[in-house]
Amino acid sequence: MLKGIIFDFDGVIAESVQVKTDAFVSLYKEYGDNIVTKVIQHHEANGGMSRFEKLKLYHKSYLNKAITNKEIKELANRFSELVVGRVIDSSYVPGVLKYIQKCYEKYDLFISTGTPTNEMKQILIGRGIAEYFMGIYGSPEKKSVHISKIMSKYKYQPDELIFYGDANTDIEAAEQACIPFVLIKNSFNEALVKKFKGRTIKNFINL
């Protein structure tokens, strides 16, 4: 019997994937169009991966530059400044707010995201929906750790949870924990949707 629901955020609750893409473009545009194209392709194919991991990877693989933890933190702070307001203002995925409000009456709700935890809390407060979620889990911890913590703290069995996500990191975390998963289809994950064998939905209308 279902007891808890885990949601990714970008592309699942908010139509905010493009906001993050635009921020990475802003950070890397000084290095030229070729680098920007590589960054966009990787970012959109790896939703759910934390910005800290991406920044380190892009500098090493695309710029052939070492980057210090201090530099990563500075870039991540710039990234945060670029996205927070726009994410708060992003449209909801159709039907999701009503779905959250309905499910809040019956189930425990959680967020599992690649966004830093404190930033995610700020965004949820800004959108006026923080009260619906029993737990908010973000980076630097991975989603598999989020699920493990949720299951351990609240004593759930795998079949008592469901995870809504839109990225491969979401699928892998759910599979590792043996919990049911639903893939949200959008314009950024078409290749993933074609490969995925499980349940997919376009939005939350009529759920």
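Q: A helix is a DSSP run of H or I with at least four residues, and helices are numbered from the N terminus. Where is the place of cysteine 103?

A: This is a predicted model. Cysteine 103 sits in helix α5, which spans residues 96-104.

Q: Is cysteine 103 buried or exposed?

A: A residue is called buried when its relative accessible area is under 20%. Cysteine 103 has 3%, so it is buried.

Q: What is cysteine 103 in contact with, leaving aside its neighbours within four places in sequence?

A: With those neighbours set aside, cysteine 103 has contacts with Ile5 and Leu109. Histidine 43 is 60 residues away from cysteine 103 along the chain, and their C-alpha atoms are separated by 31 Å.

Q: Which strands does helix α5 lie across?

A: Helix α5 lies across β1 (4-7), β2 (108-116) and β4, and runs at about 150 degrees to β1.

Q: How should I read the sheet, and in what order do the strands come?

A: Strands of a sheet pair through backbone hydrogen bonds, in a parallel or an antiparallel way. Here 6 strands make an open sheet with parallel pairing, in the order β3-β2-β1-β4-β5-β6. Its edge strands, each pairing on one side only, are β3 (135-139) and β6 (199-201). On average, and ignoring direction, neighbouring strands of this sheet are turned by 20 degrees against each other.

Q: How many bridges join the strands, and which residues stand opposite each other?

A: Strand β4 (residues 161-165) and strand β5 (residues 181-184) run parallel and are joined by 3 bridges. Opposite tyrosine 164 is valine 182 in β5. The pairing of β1 with β2 is parallel and has 4 bridges, with isoleucine 6 opposite phenylalanine 110 in β2. β2 and β3 also run parallel, joined by 4 bridges, and isoleucine 111 has isoleucine 136 in β3 as its bridge partner.

Q: How many residues of β2 are buried?

A: In β2, 8 of the 9 residues are buried, so this strand is largely enclosed by the rest of the structure.

Q: How do I read a pair of packed helices, and at what angle do the axes of α7 and α8 cross?

A: Two packed helices are described by the angle between their axes and by the distance between the axes. For helix α7 (residues 143-154) and helix α8 (residues 168-177), the axes come within 8 Å and cross at roughly 40 degrees. The two helices are therefore oblique to each other. The crossing of α7 and α8 is right-handed. On the α7 side the contact is made by Lys143, Ser144, Ile147 and Met151, and on the α8 side by Thr169, Asp170, Ala173, Ala174, Gln176 and Ala177. By class, the residues of this contact are 5 nonpolar, 3 polar and 2 charged.

Q: At what angle do the axes of α3 and α4 cross?

A: The axes of helix α3 (residues 51-61) and α4 come within 10 Å, crossing at roughly 120 degrees. That makes α3 oblique to α4. The crossing of α3 and α4 is right-handed. Arg51, Phe52, Leu55, Lys56 and His59 of α3 make the contact with Ile72, Leu75, Ala76, Phe79 and Ser80 of α4. The contact of α3 with α4 has 6 nonpolar, 2 polar and 2 charged residues.

Q: And which residues in α4 and α6 meet?

A: Helix α4 (residues 69-89) and helix α6 (residues 117-127) have axes that come within 8 Å and cross at roughly 30 degrees. This crossing of α4 and α6 is right-handed. From α4, Ser80, Val83, Val84, Val87, Ile88 and Asp89 meet Glu119, Gln122, Ile123, Gly126 and Arg127 in α6. The contact of α4 with α6 divides into 5 nonpolar, 3 polar and 3 charged residues.

Q: Turning to loops, where does serine 90 lie, and what does serine 90 touch?

A: Serine 90 is in the loop between α4 and α5. With a relative accessible area of 11%, serine 90 is buried. Not counting residues up to four places away in sequence, serine 90 touches Ala14, Glu15, Ser16, Val19 and Arg127.

Q: Where is alanine 14 found, and what does alanine 14 touch?

A: Alanine 14 is in the loop between β1 and α1 (17-28). Its relative accessibility is 0%, so alanine 14 counts as buried. Not counting residues up to four places away in sequence, alanine 14 touches Phe9, Ser90, Ser91, Tyr92, Val93 and Arg127. Alanine 14 and valine 87 are 73 residues apart in sequence, but 7.5 Å apart in space, C-alpha to C-alpha.

Definitions and conventions: Residues numbered from 1 in each chain as written. Predicted model: local features only at pLDDT ≥ 70, side-chain atom pairs only at ≥ 80, totals over all residues. Heavy atoms only, no water. Pairing = 2+ DSSP bridges. Axes fitted to C-alpha atoms, helices over the stretch in contact; angles between N-to-C directions. Contact = heavy atoms within 4.5 Å. Buried < 20%, exposed > 50% of the residue type's maximum accessible area, 1.4 Å probe, protein only. Parallel < 35°, antiparallel > 145°, perpendicular 65-115°, else oblique. Left-handed = near helix turned anticlockwise from the far one by under 90°. Nonpolar A, V, L, I, M, F, W, Y, C, P; charged D, E, K, R; others polar.
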